[in-house]
Amino acid sequence: MLVADIHAFLDDRFSFEHAAAWDPVGLQLGEPGADSGRIAVCHEVTDGVVERCVEMGIATLVSYHPLLFEPTTAVIAGPTAAGRALQLLRRGVSLIVVHTAMDVAPRGTGDLLLEALGVSAAGFFAETEDGSGYWIGRHGSLDGATTAQSFALTVSERLETSVRVSGDLNKTIRSVCVLPGSGSSSTSEAADIADVLVTGDVGHHSAQAAVQLGLVVIDAGHIQTERPGVNHLYDSVRALAPKALFIASDSHPWEDVFWKT
């Protein structure tokens with residue numbers, strides 16, 4: 001099997017042409033005609049993931065997040081994205097990225113997050129910035145009403161992470177928006193659709209604006225809200241390559257520190 005075969009397989013499931021215009025999805029490193037060799041899947045290409053690729057003899061790596069996001073004018077060894085790209089290229093590792101192509105696809109990242117939270121899907125929101133008619137966010141409804149505080153505890157339990165909540169913890173929650181990753185820019189849109197938004201990377205001013213709109217926001221973290229989708233990506237790759245490996249790397253940069261008297 002060639003790298004091109006894996007690329008075509010993923011393109012069939014998560015059409016690369018439907019990704020946001022700014023998003024560098026598809027084959028980022030390597031040669032389409034190279035043998036795919038040993039295959040692995042990761043959430044993000046960290047230094048630890050590169051080390052594991054070298055240790056395990058990985059020849060093709062499928063990542064949810066892009067490695068090279070900004071325009072690259074130099075590829076020099078070091079603790080940077082370009083430095084990691086150089087290490088992979090030196091060892092002949094090809095890299096395929098799905099990111100927003102998977103987000104907007106049927107059973108995309110948002111769909112998997114809804115499922116993980118026990119929410120019945122109803123529709124889409126948060127169109128990609130280029131107005132392509134493809135949507136990253138999803139919305140749906142709960143089987144029964146609950147409070148914002150109770151639902152926040154459910155999110156924390158299901159995603160196995162701590163959460164931040166803005167808004168009225170006693171508010172009755174029936175409808176839910178989710179936007180895996182970063183959702184600060186979509187709070188006003190979510191407020192027109194749902195009682196609560198589950199996302200990550202919510203800034204101070206966006207949270208304040210959401211409170212004024214009556215929207216409860218549950219910030220469960222960028223990486224954590226994407227994990228259900230990444231698990232689905234791994235399952236998808238194994239449908240083609242049953243022996244594919246998953247390189248686990250909790251790539252979020254935050255640590256929880258608590259002050260105690």
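Student: What covers the buried residues of α3?

Tutor: The cover includes β1 (26–29) and α2, where contact means heavy atoms within 4.5 Å. Helices (H or I, at least four residues) and strands (E, at least two) are DSSP runs, numbered from the N terminus. This is a predicted model, in which local features need pLDDT of at least 70 and side-chain atom pairs pLDDT 80 or more, while totals for chains, interfaces and linings use all residues. Residues are numbered from 1 along each chain as its sequence is written, and side-chain values use heavy atoms, leaving out hydrogens and water.

Student: Which residues of α3 are buried?

Tutor: Ala 82, Gly 83, Arg 84, Ala 85, Leu 86 and Leu 88 are. Buried means under 20% relative accessible area, exposed over 50%, and partly exposed in between (1.4 Å probe, protein chains only).

Student: How do I read the packing of α2 and α3?

Tutor: Two packed helices are described by the angle between their axes and the distance between the axes. Axes are lines fitted to C-alpha atoms, for helices over the stretch in contact, with angles from 0 to 180 degrees between N-to-C directions. Here the axes of α2 (residues 47–56) and α3 (residues 81–90) come within 10 Å and cross at roughly 5°. That makes α2 roughly parallel to α3 (the cut-off is under 35 degrees). Asp 47, Val 50 and Cys 53 of α2 meet Arg 84, Gln 87 and Leu 88 of α3.

Student: And how do I read the sheet?

Tutor: Strands of a sheet pair through backbone hydrogen bonds, either parallel or antiparallel. DSSP must find at least two bridges between two strands for them to pair. In this model, 5 strands form an open sheet of mixed pairing, ordered β1-β4-β3-β2-β11. Its edge strands, β1 and β11 (245–246), each pair on one side only. Inside the order, β2 (residues 38–42) and β3 (residues 58–63) pair in the parallel sense over 5 bridges; Ala 40 has Leu 61 of β3 as its bridge partner. Helix α1 (residues 3–13) lies across β1, β2, β3 and β4 (94–97), at about 5° to β4.

Student: Is Ser 184 buried or exposed?

Tutor: Ser 184 counts as buried because its relative accessibility is 18%. This residue sits in the loop between β8 (172–182) and α7 (187–191). Its side chain reaches the backbone oxygen of Asp 201 at 3.0 Å. Neighbours within four places in sequence aside, Ser 184 is in contact with Gly 200, Asp 201, Val 202, Gly 203 and Ser 206.

Notes:
Angles under 35 degrees count as roughly parallel, over 145 as roughly antiparallel, 65 to 115 as roughly perpendicular and the rest as oblique. A polar contact is a pair of N or O atoms within 3.5 Å; within protein, one must be able to donate a hydrogen and the other to accept it, and residues adjacent in sequence count only if both atoms are side-chain atoms.
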